[in-house]
Amino acid sequence: MPTKRALSYVAEHALLLALAFVFLVPVVFVVLTSFMGGNQTLTGALWPNPFEWSNYTKAFDTAPLGRWFANSLLYAGTSTLLMLVSSVPVAYVLAKVRFRFSGVAFFVVIVAMLLPPQVTQVPLYAVWAHFRVVGTFWPLILPHLFGSAFSIFLLRQFFLSIPKEYIDAARMDGNGEWGILLRIMVPMAKPGIAAASIFMFFQCWNDYYGPLLYTSENPDNWPIAYGLASFHGSHSTDWGVIMAVTTLATLPVVVVFFFAQRTFVQGITLTGVKG
Amino acid sequence: MPDANPIATVPRARAAAHHTPNTPEAHPKRAGRRRTLRSRLSIGSMVILPLIGLVAFFLYPLCANLYYSFTNYDLVGSPKWIGLRNYDYLFTQDPRVGGAARNTLWFVVILVPVRMASSLGIALLLTRRKRAAGFWRTLFYLPALVPPVASVVGFVFLFNPGTGPINTLLRKFGIDGPLWFNDPSLSKPSLLLLGVWMMGDVMVIFLAALLDVPKDQYEAAELDGASARQKFRFITLPNISPVLLFSAVTGVIAALQYFTEAAVASSVANGKTGIDAGPDRLLGYPNDSLLTYTQWMYVQGFNSFQLGYAAAMAVVLFVVAAAVIAVLLRRAGMFQQKGA
């Protein structure tokens with residue numbers, strides 16, 4: 001019996017290590033290639049010889065990378081702030097205030113969250129075109145001032161877990177609804193608010209479809225995700241430079257993740273929904 | 001485990017409210033009557049922005065989309081009513097929409113189950129890890145974090161037939177690697193590999209659900225002499241089935257709108273960008289094998305500006321997605337709760 005258990009322990013670890021290797025291989029090759037000289041990527045070499053930074057300097061010389069990053073930061077940062085303004089209060093109402101249509105309201109949030117964005121795309125595009133803002137960030141950012149279904153849903157799940165007694169006590173102390181929200185709920189739901197913010201930030205940072213639809217006609221307003229997808233055109237054989245830009249586009253997301261890992265994983269597991 | 005399924009918590013929260021009498025909150029109607037004007041105004045101010053959003057960014061465009069689908073609309077002139085002509089063209093004449101719908105169906109039928117199965121497999125392996133559990137979880141989760149565009153560009157490079165590391169490795173073993181993203185019969189399976197690599201988002205949810213299964217159920221089964229397979233079949237699966245259902249529904253809906261990975265793979269494997277070549281010719285490369293339904297809708301609506309036709313395509317997408325969502329909400333008891 002003990003030998004059998006030991007065997008299965010070894011087998012499981014071997015399988016896990018093999019899988020880990022397979023999952024890491026793409027990252028390793030992408031990063032290694034980004035350090036290869038221009039001619040080396042044409043030879044099918046697997047290891048850079050010598051290691052060179054030239055791809056990174058070339059990337060900044062040939063593409064407005066700074067601008068793309070700034071645009072992504074503007075798009076993701078502003079959207080996140082607007083989302084918080086609109087979605088935190090309504091999530092509190094959905095979680096803690098009883099009213100006649102609360103069941104229907106939550107049903108609508110779920111449906112709005114799950115339906116593909118394409119089902120409302122045509123009329124929205126027509127409206128933005130009517131106001132002549134296609135080519136700017138307005139169509140991508142402004143809707144978040146009026147709530148994001150996924151964020152409302154996620155924040156509501158967090159607010160639900162806060163005991164009602166705190167609210168009753170705050171009400172006894174003479175707090176109105178805004179007082180309860182800002183003095184009691186928000187401080188207690190900090191992890192939830194952080195998770196919702198990170199999800200929203202990453203969603204916008206990674207967004208390709210939105211910028212393709214609304215800002216692709218104006219290269220000044222390309223965020224990094226769109227810029228990266230368009231970058232290879234003029235460098236179709238220079239894989240070293242392309243991999244350098246790919247690495248750079250991924251780096252900020254990974255850094256944020258390592259600082260906020262705990263919040264992040266909690267957020268995903270609580271909702272059971274992917275960001 | 002119902003906590004892992006967000007929708008299942010609704011009836012529970014309701015039930016709890018009904019079982020604790022003597023507080024105003026337990027009786028919605030009475031609480032409503034007691035509410036002062038001031039508190040009504042505060043609540044109103046909390047919901048006003050999302051209410052405007054609901055009308056302006058959801059209800060209005062849903063209805064307008066239905067109207068546009070019966071019109072000929074190019075954004076310049078006003079929409080002209082043409083009855084069912086868009087739907088007639090969609091179902092009987094459009095030469096590329098059938099193939100696009102079949103490609104999307106491929107992702108629904110193959111990508112979703114394969115991603116779920118591999119996520120569950122790795123999550124099961126990770127539940128046994130006591131030491132360094134966080135390290136392993138992070139390692140398998142990380143690929144899901146990489147921006148999709150970056151991971152597609154990376155994968156097309158890894159699998160490029162000439163100088164890509166994968167075919168270089170295969171050559172060292174004497175194997176002539178295939179064309180991957182440049183072969184119409186392998187382009188979708190190549191994206192499947194990418195989808196499995198990015199399965200971390202689903203895996204983390206499954207892992208949490210698995211760790212939530214009560215330990216005493218396993219102990220009781222062991223006393224009864226249950227085998228590992230029996231324990232999985234009769235304890236693990238029933239416990240995590242709400243999470244599996246939720247993840248299947250969100251997976252299918254994501255697959256119905258499969259766009260970014262396919263569009264970027266087509267253009268990078270082709271070696272040209274959307275600016276060098278028109279997107280309608282570029283999308284779907286190679287040979288329309290990666291042309292999905294939403295990409296075709298994008299081309300029709302926002303490159304050819306056949307907005308009426310794109311609206312009709314959106315209506316069909318809406319019907320399919322709504323049916324999938326109805327399955328989820330029905331299982332989660334949302335409809336019964338609404339009637340009560």
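Reply: Gly225(B), which comes just after α11(B), takes a positive phi of about 80°. The model is a predicted one, in which local features need pLDDT of at least 70 and side-chain atom pairs count only at pLDDT 80 or more, while totals for chains, interfaces and linings use all residues. Residues are numbered from 1 along each chain as its sequence is written, and chains are lettered from A and ligands numbered from 1 in the order in which they are written.

Over chain B as a whole, by contrast, 42% of the 340 residues are buried. Chain B holds 17 helices and two strands, where helices (H or I, at least four residues) and strands (E, at least two) are DSSP runs numbered from the N terminus. Of the contacts in chain B with a separation of 6 or more, 69% join residues 24 or more positions apart, a contact being two residues whose C-beta atoms, placed from the backbone, lie within 7 Å.

Chain B also meets chain A, with 92 residues of chain B in contact with 83 residues of chain A. On the chain B side, helix α3 (residues 37–68) gives the most, with 20 residues. That side divides into 64 nonpolar, 21 polar and seven charged residues; Ala, Val, Leu, Ile, Met, Phe, Trp, Tyr, Cys and Pro count as nonpolar, Asp, Glu, Lys and Arg as charged, and the others, Gly among them, as polar.

Chain A itself is assigned domain 1 (2–56) and domain 2 (64–271), with bounds that come from an automatic or database domain assignment. The centres of these two domains of chain A, taken over C-alpha atoms, are 33 Å apart, and their contact takes 11 residues from domain 1 and nine residues from domain 2. On the side of domain 1 of chain A that touches domain 2 of chain A, α1(A) gives the most, with four residues, and by class that side has five nonpolar, six polar and no charged residues.

Conventions. A residue is buried if 20 or more other C-beta atoms lie within 10 Å of its own, exposed if 12 or fewer, and partly exposed in between; C-beta atoms are placed from the backbone.
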